[in-house]
Amino acid sequence: MSEQEIAERIAKFPGADVEVLRKGQIAVKVPAEKGHDAAAYLKKMGFAHLVAVEYVDWIKENEFELVYNLFSYKMKMRAFLKVRIPRDKPEYITFMDLWPIAMTHEREAHEMMGIVFRKNPNLTPFILEDWKNLPPMRKDFDSRKYVKDKYDSIPFAEGGEQ
Amino acid sequence: MKEVDLFFGPQHPGITGNFSVRVKIDGDTVVKAQAIPGFLHRGFEKLMEMRHWMQGPPLICRICVPDADHSETGYSMAVERLAGIEVPERGKYIRALTLEMSRLSAYLFYFAGYGGSIGLYTIAQWAIGDRDYLLDLYEELTGARVYHIFNFPGGPRWDTPEGFEDRVDKVMDYLEKRLKEYDKLYFNNMVFLKRSQDVAVMKKSYAEKMEVTGPNARATGWAIDVRKDDPYAAYPDLDFELITQDEGDSYARVMQRRLEFQQSIDLVRQITKKLRSMPRGNVRLIPNALHWKIPRGEAYAAVESSKGELGYYVVSDGGISPYRMQVRGPSISHGVQVYEEMIVGQRLADVAALMFSLDVCPPDIDR
Amino acid sequence: MVDDEKIVSEDMGVQVEKNENMEMRSFGTVKRWATKRSLWMVHYCTGCGGIELAPLMTSRYDMERFGMHPMVTPRQSDVLLITGYVNIKTLKRIIRTYEQMPDPKYVIAFGSCPINGGPYWDSYATINHLDKYIPIDLYIAGCMPRPQSIVRAFEDLMDMIQDGTADGYMRYKKYYEPYKANQEKIFRKWW
Amino acid sequence: MIAEILVLIFMPVFVSFMGLLFMGIQRKITARVQNRIGPPFYQQFIDVMKLFSKRENIGHNWVFDIGPIFAIVGMLTTMLFIPMGGFRLLSMDGDLIVVMYLLVISGLGMALGAGASGNPNAGIGVMRGLTLMMAYEMPFVISVLAVMVYYHTTSLAEIVGMQSGMWALIILPLSALVADMALQAQFGKKPFDQPIAPAEVATGPIVEYGGKYLGMLMVAHSIGMFVEAGLFIDIFLGGGLLFHQPGIIWQVFNFLFWVLLVFALYTLAVLVNAIMPRYRIDQAFVFYWKWPTIIAIIGLAYALGVSVW
Amino acid sequence: MLEFLNPMLRPEWMISLLFIGALLTYFAGKVSSALRTTFAIIFSVFVAFLVFLSGSRDVLTYWRPSASPMGFRFVLSINALSWFFALMISMVSALTIVYSAGFGKNTEKDNAFYGLNLLLMGAMLGVVFSGDMLSFFIFWEIMTLASYLLTTLAGKRAEKGALNYMIISTAGAYSILIGMTMIYTRFGTLEFSGLASVMGGADPMFLLITLSMLGIGFAVKAALAPFYVWAPPAYSEAPDSFTPVFSGALSKLGPYGFTLFMYGIVGLPALAKMGTFRGISDFGYIIALLGSITAVIATLYAIAQDDIKKLLAYSSISQLGYVMMGIGIGTSIGVAGGLYHALNHAIFKTTLFMGAGVLIYTTGSRKLSDMGGLGTKMPITFLTMLIAIFALAGIPMTGGFGSKWLLYEAAIDKKFVLIAPLAFIASVGAFLYSFRILQSAFLGQLPERLKGAKDPSPLITIPMLFFAGLLVLFGIAPGIPLGIIASVESYLGIPALNVSTYSVYLGANFGAYNAFTVMTVITLALLVALALFFIAKKSRKVGQTDTYMAGEVPEHHVDLYLHYSMNFYRPLERIFAPYLRNRLERLYDAFGSGYELISEGIRRIYTGDVQHYVYYVMVFLAVMILAGWWWL
């Protein structure tokens with residue numbers, strides 16, 4: 001099956017905005033409220049594997065984009081299911097019921113981007129420890145400034161040049 | 001509850017790298033496990049947003065230390081896809097050569113790790129010692145032992161030196177010879193069989209459910225491999241069949257690597273044969289390294305690293321550096337959730353052994 | 001938990017030993033020779049440099065020739081190798097491991113990252129100057145340092161031990177307060 | 001009398017010296033198996049010296065201190081009750097059973113100290129050690145019993161004396177085989193080093209021991225090597241008596257031969273150690289209670305048959 | 001100096017004193033608890049002292065021989081054998097009463113507790129002092145009843161165990177009764193001295209049957225396989241301050257019965273007539289084999305216990321198996337080993353149960369996994385229990401080694417290739433379970449809630465220290481107890497053991513054990529080790545949570561638990577679980593539940609408290625016996 005045929009099949013899902021990116025990669029944009037249904041639809045279609053959950057901070061649009069990176073071993077095809085959620089209220093529903101492994105990916109997205117996934121029971125600190133600042137992957141978190149303020153300002157314990 | 005807390009890691013010989021698993025044990029049976037990653041977190045994804053496109057490989061190769069070439073190549077491929085660059089034929093072969101050599105050295109590390117975790121230090125010494133021959137080749141080819149920074153967007157940095165293929169073949173012969181000795185010492189060792197057979201069985205359905213990839217998935221009988229499913233570099237032209245095991249236990253996982261080790265040797269030989277017959281010189285398309293703008297869009301590229309599918313999702317807003325880059329480390333599935341679930345009910349003695357047999361690479365979880 | 005607090009503040013405080021000089025004169029030479037010829041490292045891969053320790057232990061470089069080999073727990077060890085960049089989460093464990101080691105103890109910082117941050121100089125997750133938090137006896141520059149340079153570093157450390165200049169553990173006691181203050185700025189107090 | 005006392009004083013010193021030397025040589029041998037050069041043969045002395053000269057030793061409480069002290073006490077005491085080559089030492093004042101019980105002091109004391117460190121790894125290590133002890137004692141006791149039944153004595157000196165014609169190894173080969181299997185676990189070598197498995201329990205009982213504590217344990221271990229191997233030699237290899245003429249020269253030769261046998265036994269264990277992974281503890285237990293025990297029972301039946309009928 | 005006590009050094013005095021004391025104590029308790037406790041201590045310690053003093057004498061007492069009804073004569077006597085056991089019993093009982101006074105509880109039950117304890121002590125002394133089978137049996141029954149009642153004092157929880165105990169004991173008692181009747185119908189006398197002269201001539205078949213019948217009764221008390229099922233629940237559920245007596249003293253009456261009848265009355269030559277196996281009687285061999293099997297099975301059970309008292313209960317069964325093994329073997333070495341082990345067991349098991357009581361009192365739990373790290377908080381308890389455990393494990397610094405050594409020597413001497421390995425493996429198992437106590441209770445991490453734990457009052461620690469001291473003394477000088485045992489052996493007509501104060505020597509080509517040399521060498525080695533230890537730098541002490549946790553910081557983890565004690569020997573348990581599925585217990589349970597139904601029915605009819613009934617009956621019996629002696 002070619003990319004076009006698959007894209008047409010996906011496009012049958014109401015509200016789906018399908019785009020063939022390149023060989024073997026299809027992007028599917030759906031409104032946030034339909035994300036879960038679309039994922040279920042894609043899973044049924046054959047995109048049975050959740051490779052990763054990617055998250056992008058589109059600060060200019062004031063939106064977070066969640067990219068569910070799906071793969072079909074049968075069709076040898078990747079589908080990027082994209083949903084956008086508002087930056088002010090970063091909340092979304094978990095996809096754990098479809099793919100249990102989504103728990104770990106969402107845990108990471110929660111920590112790095114501050115997105116809360118409803119019904120995910122395990123949004124505990126994952127990689128960072130005692131992190132009190134803005135979630136680090138957000139565009140408005142300035143790593144260089146943070147380093148300068150936090151680490152570079154510390155004096156050498158035994159004295160000496162900064 | 002009186003289940004005892006035991007910490008495996010971060011400072012523990014029973015752990016791969018800098019990682020921690022807190023297990024609760026009842027007697028010597030694990031009843032609960034909690035993987036604690038993050039000790040190697042460097043924020044690559046953030047750092048990449050502050051680097052140029054071409055500054056990627058020097059940084060990104062540090063994601064998984066024993067298997068650095070796959071990290072570079074994955075990133076390079078994602079950028080190539082985004083920019084629409086095609087690597088020259090010879091470049092593809094050299095890329096595949098480095099990848100397979102990287103796989104070999106990672107598998108040697110794997111043999112050493114699993115051997116060490118069940119107490120066979122001799123195999124650890126042998127395997128790491130033999131790995132040095134591969135590192136020598138790398139040094140000759142790239143100038144570095146560990147972080148080669150060799151595979152850039154557009155192709156490898158330079159062509160192979162004169163006579164390199166012969167030296168590679170020599171090392172392959174040596175490794176093949178050594179593999180027979182490994183068989184005697186290790187893979188046919190009675191105690192090794194006892195320790196690994198029927199331990200921590202991963203069923204195929206479970207592997208599919210939890211998105212386990214790479215050799216771990218193939219050891220359950222699930223024939224998946226990015227090299228076949230989403231071919232890259234020179235792999236479409238190379239002749240190899242996927243190897244699978246059916247049992248899915250620790251033994252199958254180790255034997256999977258052992259068989260793939262042999263396969264990789266064969267692949268390297270195929271590549272060197274081809275490289276000899278190819279005209280030298282054209283290995284790379286060189287874009288403007290310092291001010292290379294890549295059109296808006298996003299791309300994903302995955303490579304089959306020694307641990308499983310290592311993927312890069314790169315987003316560009318048309319600027320000189322990535323707008324967003326995200327890594328899908330292979331260990332994110334089998335290192336955290338799968339490990340936590342699989343270790344429950346196993347013996348304390350197998351906590352480390354399972355960690356090594358799954359080949360968890362902590363930095364690709366932490367990034 | 002309460003005990004720990006007491007112990008650390010009582011015993012880790014400023015307590016440079018009085019008979020330091022006497023020891024140097026009498027048994028010192030032999031003791032220091034023994035110490036330098038039997039440096040046991042903590043088995044701790046804090047960063048990517050851990051990968052080069054494996055070749056170091058095996059046939060080509062074989063550090064056991066110099067009596068060095070990895071030990072499991074800090075109590076048994078003499079040398080703490082900081083192999084590479086130091087994440088703040090790891091830094092805490094490094095400090096705890098370091099404090100659990102008995103004197104004399106030596107710290108070797110490995111690669112360019114602990115010196116000034118290396119390629120991660122602008123990363124929010126790694127610290128840039130390790131010697132702000134624990135005393136370092138020796139740095140090995142490079143990324144990654146080749147095994148030869150590590151061997152060289154150990155030889156240098158041995159020389160430093162022999163002439164008594166590897167005094168990190170004493171400096172840690174002397175500047176205990178500032179070190180602790182610096183550590184406290186990075187993460188919440190646990191000691 | 002004075003000569004005897006001198007021997008009694010000399011032996012512990014000599015044995016701990018030789019033990020450390022042997023351990024150094026064995027590290028070298030292991031290194032050769034692993035394609036390495038290995039440490040110098042005197043490395044073990046440097047290590048012990050360093051450990052004793054540590055500027056700081058970290059302990060937990062007084063029970064914790066008991067561990068290494070008892071380890072040395074148990075091993076020293078046991079050693080003096082074992083005939084060593086031509087030297088009988090105190091073996092007339094305690095027989096094989098006394099020795100086998102004295103041998104326990106060391107381990108039990110160590111277990112006490114380890115437990116007092118409050119580290120769960122130590123507790124698990126001790127559990128593994130005791131389980132392993134129960135495992136290997138079964139075949140070991142049966143095979144030693146075969147010797148005791150065959151010679152109808154429990155006195156070590158007597159057993160050694162009665163083997164002047166022919167070693168028990170030749171008369172009771174099955175028992176000797178089993179006892180050597182048990183020796184592997186007594187030495188704490190793979191595949192039976194579960195108590196101190198680094199990747200599993202982080203060296204188990206000695207997890208908290210460093211500095212002088214570890215130094216004392218190393219000394220105790222070096223003596224223990226002689227005790228365990230010496231016991232085997234006395235029971236199965238005729239106490240290493242090569243020459244049966246009286247005279248101090250021959251006695252010294254006998255003693256040297258005995259030391260050589262210890263070295264050979266230890267080397268055998270080390271070579272097996274180098275090429276074996278370790279069992280899980282329950283596998284080790286089942287291993288010992290299965291075939292070695294059956295072989296030992298056959299050996300015992302043979303010994304009984306020969307001696308009674 | 002103590003001559004004025006001489007008239008009282010008679011068994012009837014001692015027993016009467018205790019029985020009177022029992023009554024006095026019980027009623028004094030109605031007035032004042034302090035008075036009651038004082039009474040109890042005075043009576044018991046005084047009698048124990050009397051027993052100790054009477055050791056030098058060989059007293060044989062007859063009571064009203066002519067006027068007794070039906071021609072029975074009640075005979076009480078002190079001889080080497082009975083004195084040896086009486087000393088053990090009185091020592092354990094008296095010091096346990098002192099020990100229980102240390103807990104200072106004041107409940108109505110305590111009156112019964114002290115009264116019954118004295119009564120039990122009297123009954124036990126009665127058993128060992130009895131010179132005829134009738135009084136032996138009567139005292140035996142009083143003893144059983146008293147101990148049953150004492151067990152039920154622990155409340156509801158103990159009822160089932162106590163009932164089990166009672167039922168099996170009753171069955172055993174019937175068995176004894178049958179044996180007794182058979183002997184009486186055959187010979188027309190029940191006096192031991194008379195029987196001793198005639199039993200030897202009886203035909204082997206008759207001897208086998210009577211000895212077996214009696215043996216079943218004794219085996220029940222000695223908790224020999226397959227009769228041990230009552231012991232673990234009864235020992236473990238009995239009140240904490242009674243278990244020491246139960247396990248330490250009362251259980252020794254089984255071995256006493258065997259020794260008395262096998263060697264004191266029937267005698268070695270007659271036993272040999274029943275058939276021999278390598279020089280010892282078949283009967284003895286079977287007993288020895290059963291003993292060693294008991295030792296192994298109970299050890300395996302003990303390893304798997306988390307309940308400290310249950311662990312010790314199984315350990316008691318196992319150690320009694322050793323005792324029976326020695327007595328069964330019946331050679332000079334064997335009997336000496338058996339009796340010595342009985343003595344040792346009385347001492348160390350009493351200490352251990354006392355220590356267990358202290359631990360339970362301190363921690364409020366019987367589960368080993370609830371304790372931890374108490375070694376530095378309760379050093380005296382720790383040290384005494386440590387010594388007792390060393391004795392239990394047979395470490396050659398304590399008395400426990402000597403007896404085990406003798407037992408092995410006895411087995412090896414006779415080339416018993418079945419018994420010797422079993423005994424040895426059970427002893428290795430003893431290391432395992434005894435270390436479990438140490439590790440779980442005294443070592444490891446101290447739980448937060450036990451931060452305030454400290455050693456108990458001197459009343460409790462002094463008996464424990466006394467026993468621990470005895471164990472060490474025996475460890476240095478095994479000749480002291482073995483000398484007494486040698487005299488017992490010569491009384492029984494068994495060749496006496498060749499002992500000097502410090503060493504045991506078994507014969508030209510056999511082993512030797514010089515405790516003094518061992519102790520000297522250990523001391524010297526200790527000096528060497530201490531020198532090594534103190535030459536090096538003094539160590540800095542760190543807190544218990546400053547321990548290797550793979551670099552992790554404990555404060556970062558909630559509900560951290562670092563004391564490894566639950567399911568301590570899980571790998572072993574996993575291996576043995578299929579083989580130890582309590583098959584025997586289930587059989588008995590089926591039997592017992594039927595019986596329970598019937599007794600429940602009977603209880604309904606009488607509607608009173610069974611305990612009281614039995615207590616009154618017993619007092620009545622005791623009064624009758626006393627009256628019978630003094631006035632009939």
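Analyst: **Where chains D and E meet**

Start with the strands. β1(D) pairs with strand β7 (residues 539–541) of chain E. The sense is parallel, and the pairing runs over three bridges. (Pairing takes at least two DSSP bridges between the strands.) Within this pair, I58(D) stands opposite R540(E), a residue of β7(E).

This is a predicted model: local features need pLDDT of at least 70, side-chain atom pairs count only at pLDDT 80 or more, and totals for chains, interfaces and linings use all residues. Residues are numbered from 1 along each chain as its sequence is written, while chains are lettered from A and ligands numbered from 1 in the order in which they are written.

Now step back to the whole contact (C-beta atoms, placed from the backbone, within 7 Å). Chain D puts in 68 residues. Chain E puts in 62 residues.

Which elements of chain D each supply at least two residues of the side that touches chain E? One is a strand, β1 (57–59). The helices are α3 (62–80), α4 (96–116), α5 (120–151), α10 (211–236), α12 (281–289) and α13 (291–308). (Helices are DSSP runs of H or I, at least four residues; strands are runs of E, at least two; numbering starts at the N terminus.) Among these elements, α5(D) gives the most, with 17 residues.

What about residue types? On the side of chain D that touches chain E, 42 residues are nonpolar. Another 16 are polar, and 10 are charged. (Ala, Val, Leu, Ile, Met, Phe, Trp, Tyr, Cys and Pro count as nonpolar; Asp, Glu, Lys and Arg as charged; the others, Gly among them, as polar.)

Technical notes: Contact = placed C-beta atoms within 7 Å.
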